[in-house]
Amino acid sequence: MATTAEKKKQNSLGLGDSKWAYAASPESTSHINLKPQYELFIDGKFVKPSSGKYFDTINPATEEKLSSIAEADEKDVDKAVKAARKAYNNVWSKMPAKERGKYIYRIARLLQERAREFSVIETLDGGKPIRESRDIDIPLAANHFFYYAGWSDKLEYAFPNRKPQSLGVAGQIIPWNFPLLMAAWKIAPALATGNTVVLKPAETTSLTALKLAELIADSGLPEGVVNIVTGAGRTGAAIVNHPDIDKIAFTGSTDVGKLIQKAIAGTGKKATLELGGKAANIIFEDAPIDQAVEGIVNGIFFNQGHVCCAGSRLFVQEGVADIVIRKLKDRLETLIVGDPLDKNTDIGAINSKQQLATINKYIEIGKKEGADFYQSKCSIPSKGYFCRPTLFLNASQSHRVVQEEIFGPVLTIQTFRTVEEVIEKANNIPYGLSAGVWTDKGSKIFNMTNKLRAGVIWANTYNKFDPTSPFGGYKESGFGREGGLHGLMPYLKF
Amino acid sequence: MRKQSTTILTLPDFSKTPTIDQVGVEERVARFQTRSIKKESKVQGLKLGLSMIDLTTLEGKDTEGKVKQLCYKAAHLHDVMQGLPTVAAVCVYPTFVKLAKKQLEGTGIKVASVATAFPSGQSTRKVKISDTHFAVDSGADEVDMVISRGEFLEGNYSYVFDEIAAVKQACGTARLKVILETGELSTLDNVRRASEIAIYAGADFIKTSTGKISPAATQPVTLVMLETIRDYYYKTGKMVGMKPAGGISTAKIALQYLVMLRETLGDKWLTNEWYRFGASSLANDILMQLQKEQDGVYQSGDYFSKD
């Protein structure tokens, strides 16, 4: 007689290691030209930083240095803001809207033409799998430019009888998780509405923003309309505190968002903040189970979990919890973690050493708190920053790993019994950016979307983005919307 | 040879059948399609694919001559290349089973026969059983039956179930492949339900199509069927085979099917005991690709025998 444990083992699929292994299939980097040093992009020119200081940007998958990046200080930011103001006053605000649109279209087209180059650089600098930068980040960035280019000369139709007017100079600070895509989310609507821009990419992922600067220079966009200054927190603070900036757009952590909010209090600067999240992904008993498992995987392991709207808290209704978890564990074994440039890689490198330390800190916390720790058995490269897909089963609402944003491939799993219970638990968090609902029943979806306090709710899918769709949060996930018609409003006065 | 089961078969509990979201299935399939299979893994995959083919001829104009030639091809796919497997089986109408069996003697290649008023299945139970008996008595190792789609769409699930169970009994030790003809079932939820009926009624394999209806095998349909097999395995520990058939004509598409198989059911199924391709022209495309991997250049189609 086989024992239960043996029987269970017999029924295991053993998906982890296959006798039919996929051979390495790395994307070529031979077409990539990276300069040893990148300068600041101010007033249409690449200029050295006033301090003469540079910092390294590295490939998180190999820990090798890719290039040196200029560090902008207050003086440089002031130069950039002055250039943006001059361009706003003299050129951009006076230009007929349809001409503005043509420039934005041109940026979109150039981006599409150079999509391969941008994809590879995004993957080298940020660690995300080439499949994602190739199929999602870069095409979506180009689509944002296309979409907002179309609005440029139609603002009066977007807001009938309201006389929309541009604000002036926008200071934009973006995160490291979707470097080029976030730049597009910020720059495209700002330009379409007639504003000029000073943008700061995150310090670990400056390269595609600087390549975008080269592309913008090639596009013939008037000098000073887009300025890109690189650096870390100090550079960002210089933008936030600069008196001649009319609007701050920030995507990043809730802590920094709060600092920004304090800094601009009483200044008359408009702001949109897109901050952290800890989204509930809710699986009901009548959900399409196999597709929901895909949705769980896509929700938390997309971009190594470095996604503010990641479905990091899984709620499974008790009747299907066993089968969902079993399927999820089997699916985990088929995820390929490793070289981000390999076309078969599902999960790439963690963006930085610091972020890996944060994730590992939370994994330790989770273990101590007593949730059941589970990781896929996959091998990970010895060099570079990598983390196996991780689950915390039987987690509870009072665990820190459930309450706090980890920003990595770590999923907590809780079960629930009733609709009321799951709504209460899903909303019982300071964040409110996104959520997912999985059920075959339409009426249940509408009930949930009414009651969940989240800016974006996906039904029977997860992590879907489109330029036409507004994105943004409730509560400590920030305010203001990016994307769609709503994304125009923060850059306009009426 | 497998022993006949003596357990009592019952209809599956459909209240436990998960719903299927077509958009989600298509997304998953798209992910399999982006897997990049190169170099040695490509060669390995192609040879595996070759060994899983049920080389098929199911035409009204089939003759002894045609079947003989096909049998020779099955055993000698491309003799100028070393280290090639044979196909898994030759699939013919019942009247050619005896001949195929004789032709394939000693090759290890199985003979599969369609039965049960293939392809429409529009006949009486009696005729279907006697069709099956004829095939098995003629020496068929495997029987490819069709389900009664009309009865299924009318909701007569127990009719469909009983019929499959009866044919299974008539098969004796021959393995039974149950063709769902998914092109006529219209929804993935129906595909899931029909798969469950077939599996619970004793199917050794479930198969997408006859090849006479369009669409034949599609990747979304195949994924739903694989997931049904997986759920059954989770529950019972029993393996059921899968055979997509019709429309799989290129090596590239065959590799995508194998990627789906590998990532859904895993290594246990990566053998022709549990997975088949029902195809007529696939073999030559795989051979052409293998030759290309060996020589670095493509050869003219005229270097590969067309039987």
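Among contacts in chain A between residues at least 6 apart in sequence, 73% join residues at least 24 apart. Keep in mind as you look around that this is a predicted model.

**Chain A as a whole**

- Chain A is built with 16 helices and 22 strands.
- Its radius of gyration is 23 Å, close to the 23 Å that the globule rule gives for 494 residues, so chain A is as compact as a globular protein of that length.
- If you follow the C-alpha trace of chain A along its principal axes, it spans about 85 × 50 × 35 Å.
- Of the 494 residues in chain A, 56% are buried.

**The nonpolar cores**

- As background, nonpolar side chains in soluble globular proteins tend to be buried together.
- The largest nonpolar core here has 93 residues, and the members that touch the most others are B:Val90, B:Val178 and B:Ala198.
- Helix H10 of chain B (residues 251-264) gives this core its largest share, 8 residues.
- A second, separate core holds 84 residues, including A:Ala80, A:Ala142, A:Tyr147 and A:Ile228.

**Where chains A and B touch**

- Chain B brings 30 residues to the contact, and chain A brings 28 residues.
- On the side of chain B that touches chain A, the elements giving two or more residues are helix H1 (22-33), helix H2 (39-51), helix H9 (219-236) and H10 of chain B.
- H2(B) supplies the largest share of that side, 6 residues.
- By class, the side of chain B that touches chain A has 10 nonpolar, 9 polar and 11 charged residues.

**A helix pair in chain B**

- H1(B) and H9(B) pack with their axes 9 Å apart, at an angle of about 100°.
- That angle makes H1(B) roughly perpendicular to H9(B).
- From H1(B), the residues making the contact are B:Gln22, B:Val25, B:Glu26, B:Arg28 and B:Val29.
- From H9(B), they are B:Gln219, B:Pro220, B:Leu223 and B:Val224.
- The residues of this contact between H1(B) and H9(B) divide into 5 nonpolar, 2 polar and 2 charged.

Technical notes. Residues are numbered from 1 along each chain as its sequence is written. Chains are lettered from A and ligands numbered from 1 in the order in which they are written. This is a predicted model: local features need pLDDT of at least 70, side-chain atom pairs count only at pLDDT 80 or more; totals for chains, interfaces and linings use all residues. A nonpolar core is a set of buried Ala, Val, Leu, Ile, Met, Phe, Trp, Tyr and Cys residues joined through C-beta atoms within 7 Å. A residue is buried if 20 or more other C-beta atoms lie within 10 Å of its own, exposed if 12 or fewer, and partly exposed in between; C-beta atoms are placed from the backbone. Helices (H or I, at least four residues) and strands (E, at least two) are DSSP runs, numbered from the N terminus. Two residues are in contact if their C-beta atoms, placed from the backbone, lie within 7 Å. Ala, Val, Leu, Ile, Met, Phe, Trp, Tyr, Cys and Pro count as nonpolar, Asp, Glu, Lys and Arg as charged, and the others, Gly among them, as polar. The radius of gyration is taken over C-alpha atoms; the globule rule is 2.2 Å times the number of residues to the power 0.38. Axes are lines fitted to C-alpha atoms, for helices over the stretch in contact, and angles run from 0 to 180 degrees between N-to-C directions. Angles under 35 degrees count as roughly parallel, over 145 as roughly antiparallel, 65 to 115 as roughly perpendicular and the rest as oblique.
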